[in-house]
Amino acid sequence: MSIKKDENSVSFSSKIRSSLVLKLNLEMMHRLLSGFLAINILIFLMSFFVILWRTEIGVQEVIDIITPSTINRNPLSYYEKGYVIVKEESPKGIILPEFIQDYLPVEINNSKRNIFIPVEEESTLSDKIEAIRYSVGFPINASYYQVVYPIGLELMSFLRLFVILIIAEGIILFKNIRKGQRVIRRTLKPLAELAETARSLNVVQSFDGQNLKDLAGEISNIDASKLDRRISVDSSQDELKALASAINQMLNRINESYQSQVRFVSNASHELRTPISVIQGYINLLDRWGKEDEKTLQESIDAIKSEVEDMKELVEKLLFLARGDSETIVLHKELFDSCEIVEEIIRETQMIDEGHEFKMEMGIPAYVEADRQLFKQAIRILVDNSIKYTPNGKQILLRVERNQGKVNITVQDSGIGIESDDLPRIFDRFYRSDESRARKSGGTGLGLSIAKWIIERHGAYFEILSRMNAGTRITIVFPEADK
């Protein structure tokens, strides 16, 4: 029996922890009960003090009309409005505290106020309450007198009314238990609908773009503008609007990330399929006619080597971005002069590219704290892009300058420029504004994505200015480091 009781107790406590409705309802009942309790205590104290005050006024009237001579003649025979004068010491009972006596209206020297019950112990509670007496004792002419009043009758009348008040409050409290539960359930209905929609993610066996689109579409209907009307949330429920907005934003990010992954896989597959198709074509050519033709054989070997190099470069870039996305690339930061890196890049580039004029403007020194290899890789990507899109004989400028706590590293070419509509997307993976021209130049569309990842991980950013047929200027704004 005790085990079953414990199980019920655990189940109820578990329900309280797991049920937000039950928890909120209990909290509301607790606050309502606390309010009733505070009001009842206040009513009881105020009523008791009023009864006491009225009794004291009656005692004062009795004291004002009696004289020592009348008391001496027959002290026990004086009755007025229920008051009795007796000649004896103060009885046993509860003595009112001094701070209460100071505020009562009877003003007589050396007075003492008592509350006592002159009845047998076997009496009922109501009999004991009705028998409560209130006495004010005072000395006159070396004798001690008391004015006694049966205050219990008025207390009993008040307690009957007080019990009725408590019963009414209990009825109100009981009705509010069920009413409050309905109100809370209606208030939390949007949360339940959002939870049910989110729960459908676990039900879907094969999660694809259509599922995500359906889910995003369903929850996007619960936006701030339609929340009040469709699911009956009034305008005061800002918390629910904020929750719906947060979930919608989260789904937007999930959808955007999912679509980005889809585009990435599609573009990667396309980029890998092209060289594989070329290699397959040359293999078929060799199989048919190239076995005995040295010219065809050499042409095929050169083409296959070129395509393999392109595939290797593409796979390495894909692996870099994959490691970057999974945050497995560790930065080995060190302090160095960025001018040294830029000069090194120019020297290496001039060795392999004699078709362009390279110019340097160095504000030596310009210290930065970065991963040296990744820093060099990001600048080299910008230089390689400038070479690809700048006609031979044109100038490419590399500038390093310090400006208000920043180190600006600029790569400026005099190439074909970038359309203004393409500028916001040049860092997207596999994005190329001109596919045919990019294919001809050998770009994969991943270089700037890699550069962006590197720069952002160092707390830096890009500034780009481009004009069609005039050139492009890309500036890396890097935090300057103190040596």
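# Pocket, helices and sheet in a predicted model

Q: How is the lining of the second largest pocket divided by class?
A: In this predicted model, the lining has five nonpolar, four polar and ten charged residues.

Q: What is the volume of the second largest pocket, and which residues are the closest to its centre?
A: The volume is about 490 Å³. Of the 19 lining residues, Ser260, Phe427, Asp428, Arg429 and Ser449 are the closest to the centre. They count as lining because each has an atom within 4 Å of a point of the pocket.

Q: Which helices each supply at least two residues of this lining?
A: They are helix 10 (238-290), helix 11 (294-325) and helix 15 (447-457). Helix 10 gives the largest share, seven residues.

Q: How do you know that helix 13 and helix 15 meet?
A: The test for contact is heavy atoms within 4.5 Å. Leu374, Phe375, Gln377, Ala378, Ile381, Leu382 and Asn385 of helix 13 meet Gly447, Leu448, Ile450, Ala451, Ile454 and Ile455 of helix 15. By class, this contact has ten nonpolar, three polar and no charged residues. Glycine counts as polar here, so Gly447 belongs to that class.

Q: At what angle do the axes of helix 13 and helix 15 cross, and is the crossing left-handed or right-handed?
A: The axes of helix 13 (residues 372-389) and helix 15 come within 9 Å and cross at roughly 145°. The crossing is left-handed.

Q: Why are strand 12 and strand 13 called paired?
A: Two strands pair if there are at least two bridges between them. Strand 12 (residues 461-467) and strand 13 (residues 471-479) have seven bridges, in the antiparallel sense; the pair therefore meets the condition. Isoleucine 464 stands opposite isoleucine 474 in strand 13. The hairpin has three residues between its strands, and asparagine 469 takes a positive phi near 60° there.

Q: What makes strand 8 and strand 12 the edge strands of the sheet?
A: The open sheet of five strands has the order 8-10-11-13-12, with mixed pairing. Strand 8 (357-362) and strand 12 each pair on one side only. From one strand to the next, the twist averages 15°.

Q: How many bridges join strand 10 to strand 11?
A: Eight bridges join strand 10 (residues 395-403) to strand 11 (residues 406-413), and the two run antiparallel. Within this pair, glutamate 401 stands opposite asparagine 408 in strand 11.

Q: Which strands does helix 12 touch, and which does helix 15 touch?
A: Helix 12 (residues 338-352) packs on the sheet against strand 8, strand 10 and strand 11, and its direction makes about 170° with that of strand 8. Helix 15 packs on the sheet against strand 12 and strand 13, and its direction makes about 140° with that of strand 12.

Terms used
Residues numbered from 1 in each chain as written. Predicted model: local features only at pLDDT ≥ 70, side-chain atom pairs only at ≥ 80, totals over all residues. Heavy atoms only, no water. 1 Å grid on protein atoms, 1.4 Å probe; cavity = no way out; pocket = protein on both sides within 12 Å on 5 of 7 lines; lining within 4 Å. Points joined across faces, edges and corners; volume = space filled by probe spheres on them. Helix = DSSP H or I, 4+ residues; strand = E, 2+ residues; numbered from the N terminus. Axes fitted to C-alpha atoms, helices over the stretch in contact; angles between N-to-C directions. Left-handed = near helix turned anticlockwise from the far one by under 90°.
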